[in-house]
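Reader: Could you walk me through the strand pairing here, one hairpin at a time? I'd like to follow along on the structure as we go.

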Amino acid sequence: MQLVHDALVQSRFSNTFPRTVEMLCPHCLKEAMFEARPWQEHGRQMAASELECTRCENTVLFVQLLASDGTNQAGGLYCHPGFGGREPMGGVEHLHAMSAPLARSYESALKLYNHAEWGASSLIVRHLLNGLTARMLADEKAELSLTRKLEALPHDVELSRPLQDIAQLLAPSGTFGRQFEDESTIDKANAELLLELAEQLINYLVVLPGTMADLKARIATAPVPLRRGSGAA
Ligand SMILES: [Zn+2]
């Protein structure tokens with residue numbers, strides 16, 4: 001079940017149940033208008049209807065959660081199947097903080113991908129990688145090719161910076177170190193911070209290298225598309 005934002009509801013029946021919804025169709029992957037069949041209440045907590053895509057005529061099941069007085073619960077509309085698009089990556093707010101234009105490029109690439117515009121999405125991703133690497137390197141390297149910039153990254157960017165100062169935090173005189181002397185003084189907030197620190201370390205030392213190796217293996221074994229017009233068939 002995927003949440004359908006109330007803002008996507010274009011019109012409603014007199015009993016306030018959605019009549020038309022405009023959203024990305026999970027079947028034809030196009031922005032489309034969906035038209036509801038009569039809603040049926042099931043118990044006192046939800047109502048359901050099938051909505052039909054006006055482009056491809058396939059249906060999507062919609063469920064509306066009800067408030068205790070039987071009216072629509074705000075933010076309680078769901079559909080199945082969901083459009084299955086990619087959600088923004090976790091931590092994307094850091095990209096926004098670093099560079100609003102890069103964040104917008106990422107959002108555009110994601111939006112195009114979710115609209116099945118594979119080529120256009122990939123061109124924006126290349127543009128994004130160009131901008132990101134230029135941003136991380138010294139100014140005089142900004143004009144290098146993307147290949148050269150990517151090669152320069154491991155040498156020019158201080159990749160160990162996230163790991164600095166962690167030892168001090170856990171040393172006997174450090175913020176966490178002192179608390180270990182009497183574990184009864186450790187409260188939920190500090191236990192959470194320490195757990196988060198461990199998770200970030202695991203992410204950096206174990207998960208990132210592991211998922212990167214998996215991704216490279218998948219890229220290496222992905223089928224290579226034939227060049228259009230190359231004559232090979
Ligand atoms: Zn459709």
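Author: Let me begin with strand β5, residues 40-42, which pairs with β6 in the antiparallel sense over three bridges. Please keep in mind throughout that this is a predicted model.

Reader: Okay, and which residue in β6 does E41 stand opposite?

Author: E41 stands opposite A47 in β6. The two strands β5 and β6 form a hairpin with three residues between them, and in the turn G43 has a positive phi of about 65 degrees.

Reader: Moving along, how many bridges join β6 to β7?

Author: Seven bridges join β6 to β7, which covers residues 59-66, and the two strands run antiparallel. Among the partners, A48 is bridged to V63 in β7, while S49 is bridged to F62.

Reader: Which residue takes a positive phi in the hairpin of β6 and β7?

Author: That is E57, with a positive phi near 65 degrees, in a hairpin that has five residues between the strands.

Reader: Last one, then: what does β7 do with β8?

Author: Strand β7 is joined to β8, residues 72-80, by five bridges, again in an antiparallel arrangement, and L61 stands opposite H80 of β8. These two strands also form a hairpin, with five residues between them, where G70 in the turn has a positive phi of about 85 degrees.

Key: Residues are numbered from 1 along each chain as its sequence is written. This is a predicted model: local features need pLDDT of at least 70, side-chain atom pairs count only at pLDDT 80 or more; totals for chains, interfaces and linings use all residues. Two strands pair if DSSP finds at least two bridges between them. Helices (H or I, at least four residues) and strands (E, at least two) are DSSP runs, numbered from the N terminus.
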